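Here is a short briefing for a first look at this structure. Please keep the sequence and the 3D view open while reading.

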Amino acid sequence: MEYVDSVTEQVVPLFHSQRQMWRDHFQWQDEGARIFGLTETGRATVLALKMNRPQMIRVRRMWIKLDEHPPKHFK
C-alpha cells in the first residue's frame, strides 16, 4: 500500500511491520500519546492509518496513567 507523505508530497510505501523496524520510522511524542513519523514512510503511515486520531490519543493517555504505555521496549 502507498500513501502521500505530508512533507515531500510524494507517494511512498506504508510501513511494513514484518520488514521494517518501528523505531526507524516512528517516535513517541507527548509522553507517548502521539506517534510522530520520522521518515516519509512513517509520516505517510501515521496519516493513512489515522494513528493520532483523538480517540487513540485519549486511550493512550489513559494507558500512560496506568503505566501500560508506551511499551517498555519503545521507551
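**Around R60**

R60 is found in helix α3, which spans residues 54-65. Helices (H or I, at least four residues) and strands (E, at least two) are DSSP runs, numbered from the N terminus. This is a predicted model: local features need pLDDT of at least 70, side-chain atom pairs count only at pLDDT 80 or more, and totals for chains, interfaces and linings use all residues. Residues are numbered from 1 along each chain as its sequence is written, and side-chain values use heavy atoms, with hydrogens and water left out.

- R60 is buried and has no salt bridge. Buried means under 20% relative accessible area, exposed over 50%, and partly exposed in between (1.4 Å probe, protein chains only). A salt bridge puts a side-chain nitrogen of Lys or Arg within 4 Å of a carboxyl oxygen of Asp or Glu.
- For R60, the nearest side chain of opposite charge is D30, 8.6 Å away. Lys and Arg count as positive and Asp and Glu as negative; His and the chain ends are not counted.
- The side chain of R60 has a polar contact with the side chain of N52, at 3.4 Å. A polar contact is a pair of N or O atoms within 3.5 Å; within protein, one must be able to donate a hydrogen and the other to accept it, and residues adjacent in sequence count only if both atoms are side-chain atoms.
- A polar atom of the R60 side chain also lies 2.9 Å from the backbone oxygen of A33.
- Leaving aside residues up to four places away in sequence, R60 touches residues including W28, I35, M51 and H69. Contact means heavy atoms within 4.5 Å.

- Y3 lies in strand β1, residues 2-4. Y3 is partly exposed, because its relative accessible area is 38%.
- D5 sits in the loop between β1 and β2 (11-13). D5 has a relative accessible area of 0%, so D5 is buried.
- Not counting residues up to four places away in sequence, D5 touches Q10, V12, E40, R43 and A44.
- V7 lies in the loop between β1 and β2. V7 is exposed, because its relative accessible area is 58%.
- V7 and E40 are 33 residues apart in sequence, yet 7.6 Å apart in space, C-alpha to C-alpha.

**Helix α2**

- In helix α2 (residues 40-48), T41, G42, R43, A44, T45 and V46 are buried.
- These buried residues pack against β1, β2, α1 (22-25), β3 (26-29) and β4 (34-37).
- K50 follows α2 and has a positive phi, near 50°.
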